[in-house]
Amino acid sequence: MSSEAVVAENLVKRYGDVTALAGISFSVHNGEIFGLLGPNGAGKTTTIKILTGLTPPTSGRAIVAGFDVVKNPNEVKRRVGWVSSEVILDDDLNAWENLELQAKLQGVSNWRERATELLKYFDLLPHAKRPVGNYSTGMRKKLEIATALLHSPEVLFLDEPTIGLDVNTRAMLWDLIRTVNREFGVTILLTTHYMEEADALCNRVAIINLGRIMAIGAPAELKSSVGGEVVELEVERPIDLSRLRELPDVVDVAAADGRIRITVRRAEEAIPQIVRVLDFAAVKSLRVEKPTLDTVFMKLTGKRIEESHMDYRKFYAMIRRARQ
Amino acid sequence: MSALDALWGLYKREVIKIYRRIPPLVMTFIQPILWIVFFGSSLNGLPKEALLQMFGTTNYVAFILPGQLATSMMFTGTFSSMSIVWDRRFGFLKKILVTPAPKEAVFFSKVLGAATRGLIQVPVMIAAAVAFGVVLPADALGYVEWIVGLMLLAIGFSSIYLLVAIRSSDWQLPQLVANILNLPLMFTSTALFPKNFFPWWMRDIASVNPLTFAVEIGRGLLLGDPVDVISLGYLAAFASIALAMGLLISRKYLTAE
Ligand SMILES: Nc1ncnc2c1ncn2[C@@H]1O[C@H](COP(=O)(O)OP(=O)(O)OP(=O)(O)O)[C@@H](O)[C@H]1O
Ligand SMILES: [Mg+2]
């Protein structure tokens with residue numbers, strides 16, 4: 001097995017006049033959690049549809065779990081799991097029946113043991129025989145992930161895994177995604193428009209906008225690429241700043257109106273050094289500014305992710321439609 | 001074999017939906033019984049000789065039962081197309097097509113599901129007809145032929161309806177197609193009246209209308225004038241061609257969106 005779980009080369013997807021993907025390339029290493037971060041219409045779902053073999057690219061090439069998605073879609077489909085952003089389960093079936101159907105579709109022979117194990121793991125075993133239509137949103141999401149894991153895929157695609165969920169359920173899912181990645185040894189490619197989610201979960205992130213990848217890297221790398229963190233001091237009287245510039249972690253110093261802005265690489269390491277060289281008797285307050293992935297997005301596109309993102313109303317309308 | 005596994009899993013889902021969704025299930029039984037009750041009773045006032053001369057029996061229910069069942073097989077065919085449209089709208093089709101399960105299995109499972117929904121009416125309707133005084137002949141083989149004929153009819157019509165909706169996500173399309181096809185096909189078959197009374201052009205249509213063949217098999221059995229087993233061959237050809245076309249086309253054209 002190669003060390004890349006996913007390799008996308010110059011993927012283009014057009015729907016009539018709309019260019020959903022304008023040639024994107026990236027790769028996902030085996031075992032990592034990789035995030036596609038971008039606003040509405042960026043092309044996240046389209047990318048996943050191509051990588052899972054649901055729709056062919058207009059041009060370009062993609063290798064997933066060692067197979068070409070266009071030439072060997074069935075080999076790819078055997079090796080990947082997919083969880084859509086809208087929860088898709090059959091509400092007329094119970095959890096067990098949903099899992100059985102998935103097992104038959106994937107040709108899993110020992111599915112009963114595997115299904116029991118997964119239901120236990122996701123705390124759903126006591127509810128296995130209840131109609132899925134009566135599940136809470138969090139339970140539905142968990143069941144969908146369990147379903148996607150039934151055939152022990154190598155790569156799991158999660159499209160907006162926490163969209164529309166409350167804070168607690170989201171935290172629960174983050175934990176779950178990390179454990180699935182660690183304990184089941186599954187490579188995960190997820191999409192999100194929540195920068196904290198990409199930051200908290202992903203080893204590496206690709207920022208995508210209007211069908212183009214703007215940047216790829218570890219969250220920390222991306223953030224430091226837009227300039228470091230800032231330690232801002234408010235002082236009562238002018239103090240001697242000369243020794244600041246000699247500190248290894250200090251990048252830049254600017255002082256104005258009783259405020260000293262010190263750009264540093266990492267605030268955690270820089271602050272103790274600063275404390276040692278400055279006269280802190282004169283310091284009234286200290287504030288730390290850290291760039292977020294949103295800062296990165298803003299720098300790259302001139303917009304904020306969450307502003308360019310949408311619309312819970314549309315989302316809930318969709319959920320309601322899907323559950324009827 | 002995994003293709004058969006997939007087919008079995010998908011068919012099981014269709015069957016579960018038949019008995020868990022109560023309103024359509026009730027409709028499945030109420031509608032045909034209403035037929036027998038009202039339509040079957042409508043000619044009760046005719047003199048026995050007239051009935052015998054026109055329909056070959058003194059109990060019009062015995063005449064209409066095979067017609068009603070054959071028609072029902074055609075009507076319930078619509079469930080195959082409705083089912084694919086809903087699966088597409090809810091995204092469930094994506095969930096199926098993201099697995100290596102063959103697309104033909106999806107098509108076939110829906111055809112079988114609709115056929116099953118049609119066939120579960122058979123025992124109920126026969127029992128209802130008995131309650132209305134129809135005397136059942138003792139001819140085991142005859143019943144097998146009749147039921148196989150109805151099954152072939154159901155498979156053929158379900159395949160045709162499903163093909164029409166194979167790429168659609170418009171939930172009104174199945175109803176529209178049903179409205180266009182069902183009534184003309186019913187009236188140009190011998191489901192309601194014997195074809196002796198038809199004008200020549202309707203008689204020509206009736207003699208190639210698959211409904212007629214299934215009707216005549218049942219009527220031959222119930223009225224004691226069995227038809228040639230070749231009728232079954234005709235229905236088998238009808239079902240195979242429609243199904244084969246469906247399987248071929250679904251393989252190429254069935255997509256999630
Ligand atoms: N089936 C389709 N037909 C036509 N256009 C499409 C289709 N699917 C996607 N698009 C278009 O492609 C672009 C990318 O859509 P995509 O769904 O990949 O975005 P996304 O990043 O997943 O956005 P969201 O956050 O809203 O889910 C959009 O402009 C969308 O309108
Ligand atoms: Mg999307």
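## Cavities and the A–B interface

In this predicted model, β6(A) gives the largest share of the lining of the largest cavity, three residues. Helices (H or I, at least four residues) and strands (E, at least two) are DSSP runs, numbered from the N terminus. The model is predicted: local features need pLDDT of at least 70, side-chain atom pairs count only at pLDDT 80 or more, and totals for chains, interfaces and linings use all residues. Residues are numbered from 1 along each chain as its sequence is written, chains are lettered from A and ligands numbered from 1 in the order in which they are written, and side-chain values use heavy atoms, with hydrogens and water left out.

A cavity is a set of points, on a 1 Å grid over the protein atoms alone, where a 1.4 Å probe fits but cannot get out; lining residues have an atom within 4 Å of a point. Grid points are joined across faces, edges and corners, and a volume is the space filled by probe spheres set on the points. Four cavities of 30 Å³ or more are found by this rule.

| Cavity | Volume | Lining by class |
|---|---|---|
| Largest | about 80 Å³ | four nonpolar, six polar, one charged |

Residues of both chains line the largest cavity, including A:W82, A:H151, B:K95 and B:V98. At least two lining residues each come from β6 (80–83), α3 (95–106) and α5 (137–149) of chain A. The second largest cavity is lined by residues including A:E97, A:K104, B:K12 and B:R13; α3 of chain A and α1 (2–20) of chain B each give two or more residues to that lining.

At the interface, 28 residues of chain A are in contact (heavy atoms within 4.5 Å) with 26 residues of chain B. The two chains bury about 2,500 Å² between them, 58% of it on carbon and sulfur atoms; buried area is the accessible area (1.4 Å probe) that two parts lose on being put together, summed over both. A:D92, A:K104 and A:L105 supply 26% of the area that chain A buries against chain B, more than any other three residues.

Nine salt bridges (a side-chain nitrogen of Lys or Arg within 4 Å of a carboxyl oxygen of Asp or Glu) cross this interface. B:K95, which also lines the largest cavity, forms a salt bridge with A:E144 (3.1 Å, N to O).

Key. On a 1 Å grid over the protein atoms alone, a cavity is a set of points where a 1.4 Å probe fits but cannot get out, and a pocket is an open set with protein on both sides within 12 Å along at least five of seven lines; lining residues have an atom within 4 Å of a point. Ala, Val, Leu, Ile, Met, Phe, Trp, Tyr, Cys and Pro count as nonpolar, Asp, Glu, Lys and Arg as charged, and the others, Gly among them, as polar.
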